Amino acid sequence: MMVEPPQTEANPLRQALPRAQAPQPCAIVLFGATGDLAHRKLVPALYRLYHRGHLPTECAIVGFGRRDWSDDDLRKEYEASFPASEKGGDFKDVWPQFASRIVFTPGTFDDPGAFRALKAKLEELDRTHGTRGNRVFYMAVDPEFFRPIIDQLGEAELIHDWRQESPWSRVVVEKPFGHDLESARQLSRDVSRVLDEDQVYRIDHYLGKETVQNILALRFGNSIFEPLWNRRRVASIQITVAEEVGMPGNRGSYYDSAGAIRDMVQNHMLQLLCLVAMEPPVDLSADAVRSEKVKVLQALPRWTPEEVYRHVVRAQYSAGSIEGADVPGYRQEKGVAADSTTAPYVAMRLTLNNWRWAGVPIFLRTGKRLPKRATEIAIQFKKPPTQLFDVEHDGNSAGNQLVLRIQPNEGASLTFEAKIPGSRRRLQEVRMDFRYGTAFASPPPEAYERLLLDVMLGDPTLFTRTDEVENAWRFIGSILDAWDRPDAPPPVEYPAGSWGPQAADELIKRDGATWRRL
């Protein structure tokens, strides 16, 4: 018996906000259902969508994994993984309703019989849960399993013809999409044998963050910014993704083959750059937005190895202290090779070869074991041509600066100069702040909630297209190739708990700038 989703009490402070579009009935298949991503992110996100009435009434969640489990086993496993902070309120009443939609089917990714059984299960759910043949296949697995799963889906005839509107099939692929340009191209070829591009949703959870989406709203929903958003008014752009953590659990062995350049720069940071630097799209359709993002990636520089060594700093943290606790250096982390040259810190200076941004220095930095967790974008505007006023600082004033805080303390702030009360003409920096939590009376939803809802709605705007992936890898590939040369300088070091190596400070000082204090 199917249960209606709970009716949540209306919040009068949010009545002006538009209601979310309701997706069509569907079955959501989680490959890797017993893994960490499903436990920590996917199932909690689906539960919240259900709790808020955003899941279709006719919906089922199918876990696919190697365990010999029953439906109840999987339901209990998911329930136990919810943090205590989420089990208050009406959780005890709502969870059984949501859990009744979860079923489990065992199997391995190379077993055709398991996929035939999955097909039979899905057809049964069409009858019992009214899912109408619509399918979302979510690959919460290691990249090595993408191709065999997609091949098996094709062999079992689980992928509907992309040209028909209903029923439909959509496949969600987690990053990383490839390890370099050639592997990304090969994976695209493998996928295209079974799926059309419109059926593939390459997920980057950063794009699901409300603050990231607000970049487009801020730029193209407000007329005051567009005249300033160019090389004539902007002095520089900084994008920072800082993390306190090192290599928790068994992450060291994976990370040592990826590093910050693959784990963070190639996807998250370049996507942020695209949203900041792109031209206005003709509309907000998925292809219009993504085509403008591709143009930014095509404008990235084509560096020689010597230019890479001049414009990119790679570094490893040495032993140090984070919030009073001693932590080991990168090479002493579990799973990391003692002679590793992988860099958990990367800083770079680049310019875009296009009309709007020519000559504007853009600085990217990301690293592990930094003093705090923070992601932000800072647009530094040019200073007035002459200094007419006295200032109350050391001459390093940021002046007019727009800061977009992606996390934490999600919001934006605009810094400008104002006269200090009194007889003297003295200026001091002041700031106007916008915070999501206070402006909209509730915190923004988790990224996976928005992205899963968009998959069900068939909206690929926040997912990366093949040409986006390939152009990003083309730029990153030139850096990786330079680092692989025998004459490449080794990574420099910085103490854990500091803001990075001195070489990164020297990199930005060449343009008369400094890294923002977070």
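**Reading the features in turn**

Mentor: Let us begin with a pair of side chains: those of Arg356 and Glu226 are joined by a polar contact of 2.9 Å. Please keep in mind throughout that this is a predicted model.

Trainee: Where is Arg356 found, and is Arg356 buried or exposed?

Mentor: Arg356 is found in the loop that runs between strand 11, residues 345-350, and strand 12, residues 362-367. Buried means a relative accessible area under 20%. Arg356 has 10%, so Arg356 is buried.

Trainee: Which residues does Arg356 touch, leaving aside those up to four places away in sequence?

Mentor: Arg356 touches Arg219, Glu226, Trp229, Asn230, Arg231, Ala277, Glu279 and Pro280. Consider Ala277 in that list: Ala277 and Arg356 are 79 residues apart in sequence, and their C-alpha atoms are 8.3 Å apart in space.

Trainee: How many residues apart in sequence are Arg189 and Asp110, and how far apart are they in space?

Mentor: They are 79 residues apart in sequence and 19 Å apart, C-alpha to C-alpha. Arg189 is found in helix 6. Because its relative accessibility is 40%, Arg189 counts as partly exposed.

Trainee: May we now examine a residue in a strand? What is the case of Ser413?

Mentor: Ser413 is found in strand 16, which spans residues 411-419. With a relative accessibility of 5%, Ser413 counts as buried. Not counting residues up to four places away in sequence, Ser413 touches Gln401, Leu402, Val403, Arg405, Arg431, Met432 and Asp433.

Trainee: What describes two packed helices?

Mentor: Two packed helices are described by the angle between their axes and by the distance between those axes. In this structure, helix 1 (residues 36-51) packs with helix 13 (residues 447-457) at an angle of about 70°, and their axes are 9 Å apart. Angles of 65 to 115 degrees count as roughly perpendicular, so helix 1 is roughly perpendicular to helix 13. Their crossing is right-handed.

Trainee: Which residues of helix 1 and helix 13 meet?

Mentor: From helix 1 come Leu37, Lys41, Leu42, Ala45, Leu46, Arg48 and Leu49, and from helix 13 come Tyr448, Glu449, Leu452, Leu453 and Met456. By class, the contact of helix 1 with helix 13 has 9 nonpolar, no polar and 3 charged residues.

Trainee: How do the axes of helix 6 and helix 14 cross?

Mentor: The axes of helix 6 (residues 181-192) and helix 14 (residues 466-483) cross at roughly 165° and come within 9 Å. Angles over 145 degrees count as roughly antiparallel, so helix 6 is roughly antiparallel to helix 14. Helix 6 passes helix 14 in a left-handed crossing. Helix 6 contributes Leu181, Ala184, Arg185 and Ser188 to the contact, while helix 14 contributes Thr466, Val469, Glu470, Trp473 and Arg474. These residues of the contact of helix 6 with helix 14 divide into 4 nonpolar, 2 polar and 3 charged.

Trainee: Where are cis peptide bonds found here?

Mentor: One joins Lys175 and Pro176, with omega of about 5°. Pro176 has its place in the loop between strand 5 (169-174) and helix 6. Another cis bond runs from Gln407 to Pro408, with omega near -20°. Pro408 lies in the loop between strand 15 (401-407) and strand 16.

Trainee: Which residues other than glycine have a positive phi?

Mentor: Arg132 is one of them, with phi near 60°. Arg132 has its place in the loop between helix 4 (112-128) and strand 4 (135-139). Arg369 also has a positive phi, near 55°, and lies in the loop between strand 12 and strand 13 (374-381).

Trainee: Are Arg132 and Arg369 buried or exposed?

Mentor: Arg132 has a relative accessible area of 56%, so Arg132 is exposed. Arg369, at 13% relative accessibility, counts as buried.

Note on methods: Residues are numbered from 1 along each chain as its sequence is written. This is a predicted model: local features need pLDDT of at least 70, side-chain atom pairs count only at pLDDT 80 or more; totals for chains, interfaces and linings use all residues. Side-chain values use heavy atoms; hydrogens and water are left out. Helices (H or I, at least four residues) and strands (E, at least two) are DSSP runs, numbered from the N terminus. Buried means under 20% relative accessible area, exposed over 50%, partly exposed in between (1.4 Å probe, protein chains only). Contact means heavy atoms within 4.5 Å. A polar contact is a pair of N or O atoms within 3.5 Å; within protein, one must be able to donate a hydrogen and the other to accept it, and residues adjacent in sequence count only if both atoms are side-chain atoms. Axes are lines fitted to C-alpha atoms, for helices over the stretch in contact, and angles run from 0 to 180 degrees between N-to-C directions. Angles under 35 degrees count as roughly parallel, over 145 as roughly antiparallel, 65 to 115 as roughly perpendicular and the rest as oblique. A crossing is left-handed if the near helix is turned anticlockwise from the far one by less than a right angle, and right-handed if clockwise. Ala, Val, Leu, Ile, Met, Phe, Trp, Tyr, Cys and Pro count as nonpolar, Asp, Glu, Lys and Arg as charged, and the others, Gly among them, as polar.
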